[in-house]
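Subject: Structure for you to look at

Hello,

Here is the structure I promised to pass on. Please open it beside this email and follow the notes below.

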Amino acid sequence: MIVSSTVGSVTTIELAREEKRNALDQDMVQGLSEAFTAAVDGGARAIVLTGRGNVFSAGADLSGPVYDQSFLDRLVALIEQIESTPVPVIAALNGAALGAGLQLAMAADLRVMADVAFAGIPAAKIGVAVDEWTIRRLVSLVGAGQARGMLLGCEPLSSDRALTLGFANRFGDLAVAQKWAAEIAEYAPLTLRHYKLVLTGDGARDDAPEERAAAMRAAWLSEDVQEARAARAEKRAPVFQGR
């Protein structure tokens with residue numbers, strides 16, 4: 001489900017679960033972690049992350065055990081790993097990047113978006129909540145107003161808007177991202193590593209106050225989450241009660 005290939009000093013890592021819109025399950029998360037480790041150990045000077053087909057990633061696979069704490073812990077660890085990878089990571093968004101898919105893209109250092117690509121966090125539609133890092137990094141990348149629309153209003157972020165805001169660094173397909181990665185791979189690696197450390201030190205990793213951490217836990221443990229799961233199985237709209 002994860003396919004890696006290397007040309008020169010650039011490793012491309014592909015989410016290859018097209019039949020599930022590249023949704024993340026435990027195997028995908030584990031495979032991605034291993035692929036990033038292998039790329040760094042193999043001497044990659046830049047990494048491109050993309051999805052096969054017409055979707056970058058539809059997020060967590062809601063048909064699997066994604067509501068379990070063990071899956072959430074592994075996903076958080078993967079995002080931290082991508083963010084702390086010592087070489088530049090470019091996310092090539094070939095299509096929709098939703099929920100956990102958008103989190104992967106935000107953990108990257110740079111983003112190249114196809115014109116049909118868009119991003120979103122529809123967590124409020126299924127009763128769950130994203131973590132403090134996701135909210136803070138989203139604000140850092142798109143601004144507070146756009147972030148509020150995406151989180152509270154579940155509004156998608158188009159590629160045009162993403163480029164205007166600076167979330168997307170360039171328009172283009174995988175080939176564009178790979179060409180850029182090859183150029184970056186020729187730059188001084190110690191300089192790039194320093195820049196990565198400073199740029200990711202935007203406060204997104206600061207510990208959340210207990211009140212906010214408790215609010216997120218309350219969402220994940222709520223009756224509303226169970227209602228959302230039942231509604232999905234019954235192919236109907238959920239009715240949330242706020243408890």
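Strand β1 (residues 2–7) and strand β2 (residues 10–15) run antiparallel and are joined by six bridges. Helices (H or I, at least four residues) and strands (E, at least two) are DSSP runs, numbered from the N terminus. Two strands count as paired if DSSP finds at least two bridges between them. This is a predicted model, in which local features need pLDDT of at least 70 and side-chain atom pairs count only at pLDDT 80 or more, while totals for chains, interfaces and linings use all residues. Residues are numbered from 1 along each chain as its sequence is written, and side-chain values use heavy atoms, with hydrogens and water left out.

The bridge partner of Ile2 in β2 is Leu15. β1 and β2 form a hairpin with two residues between them, and Gly8 in its turn has a positive phi of about 60°.

Both strands belong to an open sheet of six strands, with mixed pairing and the order β1-β2-β3-β5-β7-β10. Its edge strands are β1 and β10 (170–171), each pairing on one side only. Strand β7 (residues 110–113) pairs with β10 in the parallel sense over two bridges; there, Val112 has Arg170 of β10 as its bridge partner.

Arg170 also has its charged end over the ring of Trp180, 3.9 Å from the ring's centre. A charge sits over a ring if NZ of Lys or CZ of Arg is within 6 Å of the ring centre and within 35 degrees of the ring normal. Arg111 lies over the face of Phe167, at 4.9 Å from the ring centre.

**The four-stranded sheet**

There is also an open sheet of four strands in the order β4-β6-β8-β9, again with mixed pairing. β4 (55–57) and β9 (157–158) stand at the edges with a single partner strand each, so one side of each is left without a neighbour in the sheet. Strand β8 (residues 118–120) pairs with β9 in the antiparallel sense over two bridges, and the bridge partner of Ala119 in β9 is Leu157. Helix α3 packs on this sheet and touches β4, β6 (96–98) and β8; contact means heavy atoms within 4.5 Å. The direction of α3 makes about 100° with that of β6.

**Two helices**

How are α2 and α3 placed relative to each other? Helix α2 (residues 69–84) and helix α3 (residues 100–107) pack at an angle of about 25°, with their axes 8 Å apart. Axes are lines fitted to C-alpha atoms, for helices over the stretch in contact, and angles run from 0 to 180 degrees between N-to-C directions. The two helices are therefore roughly parallel to each other, a label for angles under 35 degrees. On the α2 side, Leu75, Leu78, Ile79, Ile82 and Glu83 meet Ala100, Gln103, Leu104 and Ala107 of α3.

**A loop residue**

Ala16 lies in the loop between β2 and α1 (26–41). Not counting residues up to four places away in sequence, Ala16 touches Met1, Val3, Asn22 and Arg52.

Regards

Definitions and conventions. Angles under 35 degrees count as roughly parallel, over 145 as roughly antiparallel, 65 to 115 as roughly perpendicular and the rest as oblique.
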